[in-house]
Amino acid sequence: MTRDELKALIRDVPDFPKPGIMFRDVTTLIGHGRGFAAAVGHLADLAGSTEATSIAGIEARGFIFGASVAARLGLPFVPVRKPGKLPVPVLAMDYALEYGTDTLEVDPGAISSGERVVVIDDLIATGGTAHAAIKLLREAGAEVGHALFLVDLPDLGGADRLREAGVTVEALVDFPGH
Ligand code: AMP
């Protein structure tokens, strides 16, 4: 299945979660068996061409794609979690949202020093979420040189922000605007 065919499986939901936002909904893609398999296959090809020793996914939709890619490549999966979910002492990273802040957490025991981690999420917009995940994983001792997304919204500048942080960014499809 081509990337254009994958793009056609993503549902556009206007004004969600608030007016003016065009929500690019991957629920319809993962609900399509061949489409889901193809998306994971493309992402696994990209991750497999790096020297990754482990795959990190960002809660929640990044778990769907990241864990699938990790299993396909036979690599460990590191969940980057929303606050208060991990049952052990965590490393945490706050990051700015449009209104307020949010936090990501990781189990430092899940990362060995020098581990080469590829970060996966469903979508990159401003890049704030992925940048926080990368900083967190680096603080835990990982080398993060690559981040993969199903969808990039390039006009929001997130991919460029990650590139400035020394990360190679690839996405299977992109949408203009926001
Ligand atoms: P950002 O931190 O701005 O790059 O936002 C990325 C996170 O928010 C990802 O985890 C996405 O799942 C979600 N997100 C942001 N904008 C959208 C959008 N237009 N459609 C779907 N998900 C989005």
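Let's start with a side-chain pair: Glu 59 and Arg 81 make a polar contact through their side chains, at 3.0 Å. Keep in mind that this is a predicted model. As for where Glu 59 sits, look in the loop that links β3 (54-58) to α4 (61-73). Its relative accessible area is 15%, so Glu 59 counts as buried, the cut-off being under 20%.

Sorted by class, the shell holds six nonpolar, four polar and four charged residues.

Who gets nearest? Out of the 14 residues around the ligand, that would be Arg 61, Asp 122, Thr 126, Gly 127 and Thr 129. Here are some distances to oxygen atoms of the ligand:

| Residue | Protein atom | Distance to a ligand oxygen |
|---|---|---|
| Arg 61 | polar side-chain atom | 2.7 Å |
| Thr 126 | polar side-chain atom | 2.5 Å |
| Gly 128 | backbone N or O atom | 3.4 Å |

On the surface side of things, the ligand exposes 480 Å² when taken alone, and the protein buries 81% of that.

Note on methods
Residues numbered from 1 in each chain as written. Predicted model: local features only at pLDDT ≥ 70, side-chain atom pairs only at ≥ 80, totals over all residues. Heavy atoms only, no water. Near = heavy atom within 4 Å. Polar contact = N/O pair within 3.5 Å; in protein donor to acceptor, adjacent residues only side chain to side chain. Areas by Shrake-Rupley, 256 points an atom, 1.4 Å probe, with all protein chains shown as cover. Nonpolar A, V, L, I, M, F, W, Y, C, P; charged D, E, K, R; others polar. Helix = DSSP H or I, 4+ residues; strand = E, 2+ residues; numbered from the N terminus. Buried < 20%, exposed > 50% of the residue type's maximum accessible area, 1.4 Å probe, protein only.
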